[in-house]
Amino acid sequence: MKTSVEWLKEYTNVDVTTKDLADILTMTGTKVETIEEKGKEIQNVVVGKILTIEKHPDADKLVVTKVDIGEDIVQIVTGAKNIKVGDIIPVAKDGSSLPKGVKIKKGKLRGVDSCGMMCSIGELELSKEEYPEQIEDGIMILPKEYESKLGQDIVDVLDLREDILDFEITPNRPDCLSIEGLGRETAVSLKNEFKNPRKNLDKIDVENKKEIEGLRVDIKAPDLCYRYIARVVKNVKIGPSPKWMVRRLKACGIRSINNIVDITNYVMLELGEPMHAFDIESIEGKHIIVRRANKDEKITTLDGVERQLNDDILVISDEKKAVAIAGVMGGENSEIEKDTKTIVFEAAVFNRGSIRKASKQVGIRTESSSRFEKGLSTENALRAINRAVELVEELKIGEAIPEKIDVYPKKEQTISITLNPDRINNLIGTNLTKEEMIKILEDLEMKVENDKVIPPYFRQDIEQEADIAEEVLRIYGYDKLNSTQVESSATIGLRTKIQKIEKDVRCMLINCGMQEIYTYGIISKKDLEKIGATNLFDSSIKIINPLSEDYTIMRQTTIPSMMETLASNDSKKNQDVKLFDISRTYVNENEEIENGNVPKEDKVITLGMYGKDVDFYTLKGIVENILQVSNIVRFELKQEVENPSYHEGRCASVYIGIDKIATFGQIHPIIAQNYKMSKEIYVAEINLSKLEKYSKPAKKYTPIPKFPAVERDIAIVVDEDVTVGKIEDVITKQAKKLLEKVKLFDIYRDEKLGKNKKSVAYSLQFRDPNKTLTDEEINPLMEKIVQSLEKELNAKLRV
Amino acid sequence: MMKEQIDKIKKTAKEEIENVQTIKDLNDLKVKYLGKKGELTLILRQMGNLSSEERPIIGSLVNEVRDTIENRIKEKEEELEQEKIKEKMAKEKIDITIPSKKTVLGSCHPITQIINEVEDIFLGMGYEIADGPEVETCFYNFDQLNAPEDHPSRDLQDTFYITDKVILRTQTSPVQARVMENKKPPIKIICPGTVYRSDTIDATHSPVFHQVEGLVVDKNISMSDLKGTLEMFAKKCLGENTKIRFRPHHFPFTEPSAEVDVSCFVCGGKGCRVCKDEGWIELLGCGMVHPNVLKNCNIDPKEYSGFAFGFGVERIAMAKFGIDDLRLLYENDVRFLKQF
């Protein structure tokens, strides 16, 4: 909401600078976003008089003038066509400045000295609406009487200085979307008297009629329209509005249209009640019907766009057609035209939710709808229509019939709230007396009677004690609030189990040289295609109103996010990249979404890496570290061959029982290519929520061995497809308790070993906690191990 | 006669030990004087020729000299040993400016760093960390927070809808409602988390960003407590000289509500690029929990009161680390990330 300080001054004495006013209002809750100082940019522009005009010696389209600027006579070259000798004009002198940072300096135009510039209205940032007698593509011609002001500053002469404040009005304060409301806030904030020039508007009343000049009004949807007042003005003279009105509208950012439309806008700005004016002739049967639109109904609004309506949308209609979208925008078909003779003023109040919905559905947000959707008072409607008629009479542009049609199905209820100063002081932490509170409330035009507060009609946001507390506090001063510490019952600030695991894992990953990344949980179908998981699309949670096609679904896997990040780093030639992401996946497992519930969200640790020293086993090591940090001791590793995102020979999953808690491996080369990467990419997905589930509590101590260990090496030749895991299983099974450690130290391949054969070498460590082991005990054990390896895996002992 | 002999031995031994250069030579001297055939031993062997009066005198003299020589040798031995080590170290001198062989460390994302810092401050003040779903219901994101369907405050946020009942949470506040429903006061929580708003990506906007929400509900909680708490937080998080300023504002779930500015932690309030020359940076929104919200969550507003606050993590991260483009936080270029 924009307004000029000048207009505010009509309501109270403003005895501080504009900057201070802005600061004070901000601190009482009417936040000033920007201050615009109009006229400040115009410097050294004065009134001048053209003395002579001669042809330019070298240019047909230019003339050379002599201009009297008071203390001096200067020569100015111009291309303007609309000037003549004797004209009084604004002159930007040498070294002057104009709006938008334009600087004027003397110079030569086609070889002739020019010492300044004559200005058009555009160059002074004035509008045709304010100065209808001026032309836009020529020099501004000032009235003859300004001849006495030669050399005077144009800013003073035309009174261009104006400070404009732009307020951020919070949605609970639609009353401040009016000069009256802002004036009231200004007065209370400055602790000055509020002198409301429109105080008695509600006292004016005219007779209520069912019909005026054949006009009737019916509300068919009383749930959406709480009040509808109409007044008829005859013999209307449509024309331009007076300069003061145009100027005030402009200061608030509204363009002048014609006197009637301007009055409706002026009243809206002044009192905060949006109004509308119809040409009575365009209302078929002179019957205004407020109803829900039909399903297939259409209307062309004032901006010339055809709008599709539906039965959620309230319209103002006549007996045949809709003439306006209620509270949003009028229809082209009932617009005020130059030759309009009789008009109908409308001041109505609509259900805020309905306006909000309508404005969203038809896709237009107007000054009107943005007020209605916040909820307006039905009491104010009468004041507004009275004010409109008052202005018509003041401007002498029509004859208002002294009758009104007032359909008022829903009278407003006044409420009263108990004033309990102790509770308020306790809530905000102040020590104000009851009298101090009452003073503040009364300044805000609330009635206080017998410890009951009755808010005025324009403060529908005041509903309970907390609202009163806020009013008291904001006028008393938020800056005067004390600072105290919470005296609460003891609480313990402690991380939960999963929060601890997350923190430990993060710390460990950093120590492993991994860099943490943050990715969006919103991905697209294309992302699923790129990782070969299109099958996930149907079950994905979809956004109805996505920002763009890149962000349409919630991810069920974090691989696309990690791949995208790796690829973007690779494209920037970043080498040896190791990343991790702790984020979520979103799975609509049991139709939660359809039932209006929230889906399953899992926390997932995603690792991603490429570069030298990175292979499957690097990744495996980090995955194992994560399990160790999470205190997970027992788990099983299984080769995973059917995951379409991974290399089928280099992918594994970690299981606890039948529960899969992690998958990791090399990304399928084709998938890597989809991201334009030809190197080996390694990715792991570890379900953090499951780590929490299986994380063991405190660790148990085992005594440090007192007796020495015995080590034996063993090397066997097996078929290529016998995994190290299987060999270790056989060894462990046979060796039983005494075997403390099995350490793989070599895998060796050579033609001499035979086709598809490999040699695998282990160092086995045996220990008895109660005594020193002897050869007699170990040797038979080793023999048993070798026999089993031979029998079960067809292994040959290497000698 | 014998005494002179002993004195002589003592003297020459001292000289010889003094001049010795290597451990080996020193060992030879040890044998020469103290060995089984050493000079002192020889003297002892001649003791039989002495009178019974002289014998103990000479005996103790020999022992004394023997001790002296032994000590000298030991001292010399240590001396030589030290010299040897010194010499070795001199040869082993290295260039300490040659690059280290450390394991390269990674780092937490700047957003995590800020969240960790905030968490630690509030954990220390006895707050727990709460968590909630990101795909949230309108019920928790709006209705329970006193913003019914036709409430104008819903306009403030451009919401991503999944269905007409399910959305991506636009704030971390629904966690408040969930906690209050399930826990009796005293409640002291913070909830850091990801939130979503339909904003196009640019230097200061992202459709996905992070917030930290705080909530305290107990008996006799006041707005002054809120101010004191936030003041404490601001000082710990942004520096001991930080000042805060409360301005009235409106949020549907708090009443009274406030917006809080902090004195610019880059320039200290003098005015700079970060605070746009205002000396203050808008940091967070807060207020006393609206009685309707307490009621919605089955907490009696007559008995209990509470405060809530919330702020954007990216905003603090950007100001604190001097990051001028929000997109850098989500581009995840390791050259950027490694700086933190």
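**Close-up views of chains A and B**

**View 1. Polar contacts join chain A and chain B.** In this predicted model, 44 residue pairs are in polar contact across the interface of chain A and chain B, both residues being at pLDDT 80 or more. On the side of chain A that touches chain B, helix H12 (residues 465–476) gives the most, with six residues. Sorted by class, that side of chain A holds 32 nonpolar, 30 polar and 21 charged residues.

**View 2. A salt bridge links A:Lys31 to B:Glu259.** Their side chains meet at 3.8 Å, N to O. Seven salt bridges are found across the interface of chain A and chain B.

**View 3. The extent of the interface.** How many residues does each chain bring to the contact? Chain A supplies 83 residues and chain B supplies 94. The size of an interface is often given as the accessible area lost when the parts come together. Between chain A and chain B, about 7300 Å² is buried. Carbon and sulfur atoms give 55% of that area.

**View 4. Helix H4 of chain B, end to end.** H4 runs over residues 54–91 of chain B, 38 residues in total. At 1.5 Å a residue, the helix should span 56 Å. Its end C-alpha atoms lie 55 Å apart, which agrees.

**View 5. The buried residues of H4(B).** Which residues of H4(B) are buried? Among them are B:Ile58, B:Leu61, B:Val62, B:Val65 and B:Ile69. The list also includes B:Gly59, B:Arg72, B:Ile73, B:Lys76 and B:Leu80. An α-helix has 3.6 residues a turn, so residues three or four places apart point the same way.

Methods
Residues are numbered from 1 along each chain as its sequence is written. Chains are lettered from A and ligands numbered from 1 in the order in which they are written. This is a predicted model: local features need pLDDT of at least 70, side-chain atom pairs count only at pLDDT 80 or more; totals for chains, interfaces and linings use all residues. Side-chain values use heavy atoms; hydrogens and water are left out. Helices (H or I, at least four residues) and strands (E, at least two) are DSSP runs, numbered from the N terminus. The expected span of a helix is 1.5 Å times one less than its number of residues. Buried means under 20% relative accessible area, exposed over 50%, partly exposed in between (1.4 Å probe, protein chains only). Contact means heavy atoms within 4.5 Å. Buried area is the accessible area (1.4 Å probe) that two parts lose on being put together, summed over both. A salt bridge is a side-chain nitrogen of Lys or Arg within 4 Å of a carboxyl oxygen of Asp or Glu. A polar contact is a pair of N or O atoms within 3.5 Å; within protein, one must be able to donate a hydrogen and the other to accept it, and residues adjacent in sequence count only if both atoms are side-chain atoms. Ala, Val, Leu, Ile, Met, Phe, Trp, Tyr, Cys and Pro count as nonpolar, Asp, Glu, Lys and Arg as charged, and the others, Gly among them, as polar.
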